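Student: I am new to this structure and would like a close look at one part of it. Please take the salt bridges and go through them in turn.

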Amino acid sequence: MSGRFSEEAMTAAMRQVATDLGVPSDDAELLRLTNNAVFALPHSGIVIRIARTYRLRDRVTKVVQLARWSAEIDAPTIRLATDVEQPVEVGDLVASIWTYVPPRSPAPAVKDLGLVLRKFHALGVPPFPLPVWDPVRDARRRLDDADGLGSHDRDFLVEWCDRVEPQIYALNQRAERMLIHGDAHVGNLLREPSGRTVMCDFDATCVGPWQVDLAAVAAGEARFGGTGAHRALANAYGIDVTSDPSWPIFREARELKMIVAAVPLLATSATVAAEFVIRLRSVQNDDHDARWTPFADLSKPTRRARFVC
């Protein structure tokens, strides 16, 4: 499919950013094409990350601010590229530029995720405003940016948001607010040359109940299949989120995120659109046996990696 957020459009934007930075792009590798288009330029030692929506441009500014603060306190997070004024605008799009971390063995595992999350949650809240965890607000914004969403499916998603919104609000009111990553899974871990494991992809980072960061693996295992990941995370972190009284709310919020994440891309990817239908119908039919496929696996680049922000 073609369109304003197509692979072709994102590639053109990446090349423009590279030209503006004065670096070659002939070695560029597409690493991820989901909510962001992520390109590695290994020879230049950078990663260019372009948001594939106009509605969430403010997230890039937030991510840059978080990355600068994280570097100051030596948090276990990926670093921005140096000597680049950020965020970077390219036409109507906005991008961020990161240091390139080549893949190395052993790849980060779920145990690493649990250990890093404990460190991340212990950082405290940054000395600047961050949004409060609000998956419903994020979902509504994505629905506003949908080109290929049918009216029936839109109505269902809006009604879902209406139903779960007061539950999220009540949970936020009674929970201790902490710094949370917001999209904590192994694919958002990198291993630095020193061997240290760090986190990346801070689009969803906010303040809220820390259990949010444990819910992603548990909900993902239930929907994507596989066994052992959730148990390994619980052992490494020291807490099993599925035993929390509010687990049903965390699970539903995560599933809403996993479905609505595809909405801005429906008009640009036939495979994402097909997977979106599978996910949505399984929720509509209360089918917990249906297995989903990660969006990032639907059109893997030749050297798709787990080392990008």
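Tutor: Start with Asp138, which counts as partly exposed because its relative accessibility is 22%. The model is a predicted one. Asp138 forms a salt bridge with Arg59, and their closest N and O atoms are 2.8 Å apart. Asp138 belongs to helix H4 (residues 135–144) and Arg59 to helix H2 (residues 57–72), so this pair ties together parts that are 79 residues apart in sequence. Arg59 has 9% relative accessibility and therefore counts as buried, the cut-off for buried being under 20%.

Next come Arg191 and Asp112, whose side chains meet in a salt bridge at 3.3 Å, N to O. Distant parts of the chain are linked here too: Arg191 is in strand E7 (residues 189–191) and Asp112 in helix H3 (residues 110–121), 79 residues apart. Arg191 is buried at a relative accessible area of 12%, and Asp112 is buried at 18%.

A further salt bridge joins Arg163 and Glu252, with 2.4 Å between the closest N and O atoms. Arg163 sits in helix H5 (residues 151–174) and Glu252 in helix H8 (residues 247–260), so the pair ties together parts 89 residues apart in sequence. Arg163 is partly exposed at 44% relative accessibility, whereas Glu252 is buried at a relative accessible area of 16%.

The chain has 37 positive and 40 negative charges, and their mean positions are 4 Å apart.

Definitions and conventions. Residues numbered from 1 in each chain as written. Predicted model: local features only at pLDDT ≥ 70, side-chain atom pairs only at ≥ 80, totals over all residues. Heavy atoms only, no water. Lys, Arg positive; Asp, Glu negative; His and termini not counted. Charge placed at Lys NZ, Arg CZ, Asp CG, Glu CD. Salt bridge = Lys/Arg side-chain N within 4 Å of Asp/Glu carboxyl O. Helix = DSSP H or I, 4+ residues; strand = E, 2+ residues; numbered from the N terminus. Buried < 20%, exposed > 50% of the residue type's maximum accessible area, 1.4 Å probe, protein only.
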